[in-house]
Amino acid sequence: LAEAVEPPLSPQDAAARDRVWDRAVKANPALFDGPVVACGELERAGPGVLRLSWVRVTYRHYALRRVPGATALPSLFVNVVQPTDDGRVLAARMSPSTAAPGRWQLPGGSVEPPQDGAVLDEAALAGQAARELAEELGVATAAEDLELWVVTRGENGSVGLTYLAPALPEVTLRAHFSAAAAAERSQGHDPELDTIVLLGSPDELAGLDGPHADYLKPIVCRFFEQG
């Protein structure tokens, strides 16, 4: 992992980006222009080794995808495969107030840049994956107990780092998720995820109404093939 500089942007593209972003915020006031990490370059450096350069941007940067002729860097995110102790795997649906309302995906989110002199390394990425699991599902899993399991390349070139979590009983997962959602609502916030399901096979994905994250089916298929 190595930090790189954001490519220069013309004044015209910057103005168009800002117009697109402002329209998006008016349509969904829950959007915020927080700091995130984009992927600069990704290449295989050897067997089992990937070299990734990353760039500090904000969510506004991805409005460039809707600017004709402009180029947006691919997004970088972490997510977690959360199995149950009886061999199923969890999928979750995004709440209506999010940037991807109704989308089925794995628990996870965008990578955030390091602060206060910290570095973005493999341990930091696992820590961010563990934090997403705690925030969205209420499941406290130590970062060192998460295994970097697969790297995906998807829509708009996005790069996903998928971690495998230790298996938990269904009753535990549902109890933690209900408690986390209730805690968010008690503070006047909508939970990022509005429901979860436990899949017993890839065929069950067809029964999930609404859009699916592009990585969801390949990862679920991989889970059951290797399980």
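Predicted model: local features only at pLDDT ≥ 70, side-chain atom pairs only at ≥ 80, totals over all residues.

Colleague: Then is Y215 buried or exposed?

Modeller: Y215 has a relative accessible area of 9%, which is under 20%, so Y215 is buried.

Colleague: How many aromatic pairs are found in the whole structure?

Modeller: The search finds three aromatic pairs. One of them is formed by F32 and Y59, and this pair is edge-to-face, with 5.4 Å centre to centre and 65° between the planes.

Colleague: Where do F32 and Y59 lie?

Modeller: F32 is in the loop between α1 and β2, and Y59 is in the loop between β3 and β4. The two residues are 27 residues apart, and their pair links distant parts of the chain. F32 is exposed, at 54% relative accessible area, whereas Y59 counts as partly exposed at 25%.

Colleague: And what kind of pair do F77 and Y215 form?

Modeller: The pair of F77 and Y215 is tilted, with the centres 5.6 Å apart and an angle of 35° between the planes.

Colleague: Why does that pair tie together separate parts of the sequence?

Modeller: F77 belongs to strand β4 and Y215 to the loop between β10 and α4, so the pair ties together parts that are 138 residues apart in sequence. F77 counts as buried, at 15% relative accessibility.

Colleague: Which ring does the charged end of R222 sit over?

Modeller: The charged end of R222 sits over the ring of W149, 5.1 Å from the ring centre.

Colleague: Another arginine, then. Where is R17, and what does R17 touch?

Modeller: R17 lies in helix α1, which spans residues 11-27. R17 is buried, with 17% relative accessible area. Leaving aside residues up to four places away in sequence, R17 touches L9, R60, H61, A63, L64 and V67.

Colleague: Changing topic: what lines the second largest pocket?

Modeller: The lining of the second largest pocket consists of 16 residues, and V49, L50, L148, V151 and L161 lie nearest its centre. Two or more lining residues come from each of β2, β3, α2, β8 and β9. The largest share, four residues, comes from β8.

Colleague: How much space is in that pocket, and how do its lining residues divide by type?

Modeller: The space in the second largest pocket is about 480 Å³. Its lining residues divide into twelve nonpolar, one polar and three charged.

Notes: Residues numbered from 1 in each chain as written. Heavy atoms only, no water. Buried < 20%, exposed > 50% of the residue type's maximum accessible area, 1.4 Å probe, protein only. Contact = heavy atoms within 4.5 Å. 1 Å grid on protein atoms, 1.4 Å probe; cavity = no way out; pocket = protein on both sides within 12 Å on 5 of 7 lines; lining within 4 Å. Points joined across faces, edges and corners; volume = space filled by probe spheres on them. Nonpolar A, V, L, I, M, F, W, Y, C, P; charged D, E, K, R; others polar. Phe/Tyr/Trp six-rings, centres within 6.5 Å; stacked < 30°, edge-to-face > 60°. Lys NZ or Arg CZ within 6 Å of the ring centre and 35° of its normal.
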